[in-house]
Amino acid sequence: MGIYVIRMPDIGEGIAEVELVAWHVQPGDVVAEDQPIADVMTDKATVEIPAHVPGKVLALGGAVGQVLAVGAELVRLEVEGEGNLKENSASALASQAPAAINSVANAPAAAAPAPAPAAAPAPAPAAPREAPAPAAGGARGAARTAPAAVARSAGERPLASPAVRRAAQERGIDLRYVHGSGPAGRISHEDLDAWAASAGQPAAQGRSQYVERHGEEQIPVIGLRRKIAQKMQEAKRRIPHFSYVEEIDVTELEALRQRLNQLHGATRGKLTLLPFLARAMVLALRDFPQINARYDDDAGVVTRYEAVHLGVATQTDGGLMVPVLRHAESLDLWQSAASIARVAEGARTGKAARDELSGSTITLTSLGALGGIASTPVINHPEVAIVGVNRMVERPMFQGGHVVARQLMNLSSSFDHRVVDGMDAARFIQAMRALLETPALLFVE
């Protein structure tokens, strides 16, 4: 038997280091060739790292949340044959492996670069972690004992994939009470099985609402959540935002949308409001090129773009992502709708291509049904503007001395005041308003 070391591969585009965001194996697991062993995250995407060879996992190269350099040791395997590690190095592994195992199970997230397994700090004793089922077989751990019910706060969204959410809905399981055993508390299918095996009744049922609660939970900010935090902090630190909110009467637009869906929905697909908003932005930006721009404040250069590469803020299970609708100026309504759906789905499933996650020149964000009446969207640095969509509501308005019901919606926008003056921002939003309130203008060239 030999020792085989899998090192962090070069995943291209000049990336020198990555962040570990998930392990798919634990020491003692037997892995097959090409079986996923870990997920790492670059600045733009999550990448799955497979095993090069089959073998038994002896040690992991770091804890979730740590940063590894390209070439750093990722996993040590015991393999048939000689492996790729020298004998004297392999003999020292026996004393190193336990420390590495414990470090993975217990160490807090850290940003230290390229940690070696033996260099991990000695952790405090912690509750033993249940080993996952062998990944090669894919069997779910139905025999697991469900942990105590989780008491999540109101409005807290449990972390789970779309497949897990769908399975929970089909089985009538409320994810708010299910313990998540994955990274950052992510709920897996195995957690659902364990929950169902424990009688499937939320422990919170029948519990008094008027009891003292003393629980605390520390959630490491890692992976995509860390990237989001860094991005938001950078944007607010560097950009002097100012916001502008305008009310839009979208009664005629909504009537047109419904009519188009009746006529063409079965063959061309259903339209939401987003492609109409994208079209209005594209047309309005023709007269405001300084808003479709990126600002390099280190170099003191504003770059204006003829092309509109529209960022579409998308909520995923891991947090907010902004896939890019490239050349939105060249797409009609149905092409925009299809492209928005495609890039958003790619972001949610982690299958978006790299060029679909970068290079936007302006961003459109929407909270949909949760949109509220106004918001303060944060500019997607280094862009200089973002337009947010709030909830559409029916309200009474005066027209010709009569009260009529109208569909109203607010646009909440933010601009970089170093590049965009308040007057230009207001004129840009008013141009969008004119297009949306008279939707026939969306089709006039």
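1. Aspartate 416 and arginine 418 are joined through their side chains by a polar contact of 2.7 Å. The pair also counts as a salt bridge, with the closest N and O atoms 2.7 Å apart. The model is a predicted one, and every distance in this note is to be read as computed from it.

2. Aspartate 416 belongs to strand S19. Is aspartate 416 buried or exposed? Aspartate 416 has a relative accessible area of 0%, and because buried means under 20%, this residue is classed as buried. Leaving aside neighbours within four places in sequence, the residues in contact with aspartate 416 are Ile239, Pro240, Tyr295, Ile379 and Val384.

3. Arginine 418, the partner of aspartate 416, is partly exposed, at 34% relative accessibility. Arginine 418 also forms a salt bridge with aspartate 297, at 3.1 Å from N to O. This second pair links distant parts of the chain, 121 residues apart. Arginine 418 sits in the loop between S19 and H9, while aspartate 297 sits in the loop between strand S10 (293-296) and strand S11 (301-304). Aspartate 297 is partly exposed, with a relative accessible area of 22%.

4. An α-helix has 3.6 residues a turn, so residues three or four places apart point the same way. In the bridge between arginine 237 and glutamate 234, the closest N and O atoms are 3.2 Å apart. Arginine 237 is exposed, with a relative accessible area of 60%; glutamate 234 is partly exposed, at 25%.

5. The pairs above can be read together. Glu234, Arg237, Arg238, Asp297, Asp298, Asp416 and Arg418 are linked in a network of salt bridges. How many salt bridges are found in the whole structure? A search gives 17.

6. Helix H6 (residues 251-268) is kinked by about 50°, with the kink centred on glutamine 262. After H6 comes glycine 269, which has a positive phi, near 100°.

7. Which residues of H6 are buried? They are Thr251, Leu253, Glu254, Arg257, Leu260, Asn261 and Gly265. Against these buried residues pack strand S9 (241-249), helix H7 (274-285), helix H8 (333-349), strand S19 (402-416) and helix H9 (422-437).

8. A separate point concerns a sheet. Four strands, in the order S1-S8-S6-S3, make up an open sheet with antiparallel pairing. Its edge strands are strand S1 (2-7) and strand S3 (30-31), each of which pairs on one side only. S3 and strand S6 (residues 55-60) run antiparallel and are joined by two bridges. Valine 31 has glycine 55, in S6, as its bridge partner.

Key. Residues are numbered from 1 along each chain as its sequence is written. This is a predicted model: local features need pLDDT of at least 70, side-chain atom pairs count only at pLDDT 80 or more; totals for chains, interfaces and linings use all residues. Side-chain values use heavy atoms; hydrogens and water are left out. The bend at a residue is the angle between axes fitted to the seven residues ending there and the seven starting there. Buried means under 20% relative accessible area, exposed over 50%, partly exposed in between (1.4 Å probe, protein chains only). Contact means heavy atoms within 4.5 Å. Two strands pair if DSSP finds at least two bridges between them. A polar contact is a pair of N or O atoms within 3.5 Å; within protein, one must be able to donate a hydrogen and the other to accept it, and residues adjacent in sequence count only if both atoms are side-chain atoms. A salt bridge is a side-chain nitrogen of Lys or Arg within 4 Å of a carboxyl oxygen of Asp or Glu.
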